[in-house]
Amino acid sequence: LRHPTNKIQVERCKSRCISSSALTITENENAAKLHKMPPKEELKFGVTFSPHMLTISYSAESGWSAPEIVPYGPLSISPAASCLNYGMTCFEGMKAYRALNGESNSEKNEQEPDLRLFRPDLNMERLTTSMERLSLPGHDFDNEELITCIKKLISLDQKYIPGGEGYSLYLRPNVIAMSDNLGLANPTSLILYVVTSPVGPYYKSGFKPVRLLCETKYVRAVKGGTGDKKVGGNYAPTMLPAKEAAMKGYDQVLWLLDGEITEVGAMNVFFVLQKEGGGIEIVTPPLSRGDILPGVTRRSIVELTQQWKGYDMIERNISMEEVVKSIENNTLLEAFGAGTAAVVSPIECIHYNGQDLNIPATGDVTKKIWNDLMDIQYGKNEDHPWSVKVH
């Protein structure tokens, strides 16, 4: 986490950095009318929004303004704003959970429910590095101060967190450049805002293995670009390849760079392989080249599986040629994508060089990772440091 490191920085942050103690709340008087919560079984991802949002403005003259929680609604943006004209925007995806730790139905929990965040420090860390890559000012704010403001937002709209495994409140922190100037220049004003959306399980009836189209024409990111940052410009160019894949009957795109596998759709990817000398290897492409997003779920899976006995968790390059060979040799045991939305998504097929390559799904490793992460995210493993209480 980033904190002021000397007296000058401390004094500067007192007046210019994000301060949770200055937070003000304006409650939405029309919440019940305008933000009706549908039955949780009918929730669709990113469609229903909670009644409030967090906003914090930045200007070069004044630094970060006092945070405000206000009724959910449109933002006022100049047509010349940098975010609209030059894609100067970055964001995060994270979730809040209603704990399932055996006390969730108690009278106390009805009044003060046990609400959890999953590793929010990593989301804040990634947000600041994304801002820095886009040359957005104010990226040196105190991450814990923003997390505290987000916790206040969650507490205010806690009724919009559906209960049950697979259900959560999706959080979307977003930073957009607001400079009212068509010149291509470093922005001097920003808005950081957070909206929330109640969501259900990514797959309504258990795991739904996905079919992938290996993309050989387009690339998602390159070395030296922004592939390892969560910036808006990374996502718009993927829409056409995803549309073309869907038209051919595939769910997602498997991205390559110089023949090496990088990501699947907007997720990180893992392969489970039988080693020649015995044992099982879990492989995910490395972050060292700078073209792969350092996903929070990815990092969590790497750290969890490094503790498993009988498995070797390895971050290394893996090519489609290796995948093809491992399928032919029956040494590819399973494969899956990983990200905040789906958590884990088993892969049952990869289309490559005109052939559908079938992969066993859903495997034991995928299931165990799902169960281990669910236990942490929903507070069943109450003392785990990755599960952060909101209250």
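Me: Is C214 buried or exposed in this model?
Reply: Happy to start there: this is a predicted model, where local features need pLDDT of at least 70, side-chain atom pairs count only at pLDDT 80 or more, and totals for chains, interfaces and linings use all residues. Residues are numbered from 1 along each chain as its sequence is written, and side-chain values use heavy atoms, with hydrogens and water left out. Buried means under 20% relative accessible area, exposed over 50%, and partly exposed in between, with a 1.4 Å probe and protein chains only. C214 has 7% relative accessibility, so this cysteine counts as buried.

Me: How many disulfides are there, and which cysteine sulfur is nearest to that of C214?
Reply: A disulfide is a pair of cysteine sulfur atoms within 2.5 Å. By this rule the count is zero. For C214, which is in no disulfide, the nearest cysteine sulfur is 11 Å away and belongs to C349.

Me: Where does C83 stand, buried or exposed?
Reply: C83 is in no disulfide either, with the sulfur of C90 as the nearest cysteine sulfur at 11 Å. Its relative accessibility is 12%, so C83 counts as buried.

Me: Which residues does S130 touch beyond its sequence neighbours?
Reply: S130 belongs to helix α5, residues 120-133; helices are DSSP runs (H or I, at least four residues) and strands are runs of E (at least two), numbered from the N terminus. At 0% relative accessibility, S130 counts as buried. Contact means heavy atoms within 4.5 Å. Leaving aside neighbours within four places in sequence, S130 is in contact with C90, K229, K230 and V231.

Me: What is the radius of gyration of the chain?
Reply: Let's take the overall fold: the chain has 10 helices and 19 strands, and 52% of its 391 residues are buried. The radius is taken over C-alpha atoms, and the globule rule is 2.2 Å times the number of residues to the power 0.38. A compact globule of 391 residues would come near 21 Å, which agrees with the chain's 22 Å.
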